[in-house]
Amino acid sequence: MWKWISEHWEKTLFRLLGAGLFGCSIYFLVHENITAFSASAAAAFFCFVYANFSRFKKFKGLGIEAELWEDKQKEAEALIDKMQQLVALYTSEVVVGRIRQGRMGTGLSLSQNWAEHWKLLKDLSAEHGRLGQRIDLSETKRMFGAYMIMDAVQCIRPYVADVHSKIWQNAHAVIDDKYAGQEEIRASQHEHVKSFDMRMMEPYQMAVEKTLAVSMKQKFDRIRNELAPQYGVTVEADETLLNDVDYLAQIESKPQFEPTDEIISRMLEIIERYPFKS
């Protein structure tokens, strides 16, 4: 045993150091210490590399280039892929966890919370890139987009509902006046008006399925372009409100949510423009 230790103590030491540093990197990632996470993750990987230094011939990954014997190259690449998947998983958990935590109340406004979430996602993406890590964050971005669009829709929806309510009330008034004394027809017409509703069940699920903002726009367009003219009702909707509803539906309709500074800036403007009201 002592002979084995004397011959392999360097490998054992570097493997233990690597495992400890990798654990530290996960801890720093969970606590959003991006700088410490980057340093400890890189150090852990180098420890694993040095622990197997004698087996190297040629290998490139995670921003470093070394040499590894042919029979171990595929094994090393598979290990790196698993590490990248693990890091991607923890990155996603940190970002989505931060978003969910921010919904509990942090002392910041909704737009300020989202500005912080966007900064965190950008910082993590930048650090992965700096380390040469090819991390797939598409699922994280999808969840980020679903939550952000849901919050934006929840903010703007009461203002859309105000326009909807005015058209509803005026249409019901027209029916009462036009069909006075004709109870059966009047009741039928009232039911017809009620079919133009703005209800959206399970908003989060709809956001994940990319139908929340699109559904709101479709319902809003239908009541303005079908119901209002049908009963001769005229209710002006603010042009900015119409543009914002269109923009949210347009962003949600994209096959993949790819956040950029421009998109996030516009989304933050929408969230700030419509203070939340029940």
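Modeller: Start with Asp-197, which is buried, with a relative accessible area of 17%. Buried means under 20%, exposed over 50%, and partly exposed in between, using a 1.4 Å probe and protein chains only. This is a predicted model, where local features need pLDDT of at least 70, side-chain atom pairs need 80 or more, and totals for chains, interfaces and linings use all residues. Numbering runs from 1 along each chain as its sequence is written, and side-chain values use heavy atoms, without hydrogens or water.

Asp-197 has a partner. Its side chain meets that of Lys-219 in a salt bridge, 3.6 Å from N to O. The term asks for a side-chain nitrogen of Lys or Arg within 4 Å of a carboxyl oxygen of Asp or Glu. This pair links distant parts of the chain, 22 residues apart. Lys-219 sits in helix α8, residues 212-230. Asp-197 sits in the loop between α6 (183-194) and α7 (203-208). Helices are DSSP runs of H or I, at least four residues long, numbered from the N terminus.

Arg-222 and Glu-226 form a salt bridge with each other, 3.7 Å from N to O. They are four residues apart in α8, so about one helical turn separates them. Arg-222 is partly exposed at 35% relative accessibility. Glu-226 is partly exposed too, at 43%.

Arg-222 also meets a ring. Its charged end sits over Phe-196, 3.8 Å from the ring centre. That label needs NZ of Lys or CZ of Arg within 6 Å of the ring centre and within 35 degrees of the ring normal. Arg-224 lies over the face of Phe-220 in turn, 4.9 Å from the ring centre.

Now the wider setting. The whole structure holds 15 salt bridges. One of them joins Glu-258 and Lys-141, at 3.2 Å from N to O. Glu-258 lies in the loop between α9 (239-253) and α10 (261-273), and Lys-141 lies in helix α5, so the pair ties together parts 117 residues apart in sequence. Glu-258 is partly exposed, at 40% relative accessibility.

How values were computed:
Helix = DSSP H or I, 4+ residues; strand = E, 2+ residues; numbered from the N terminus.
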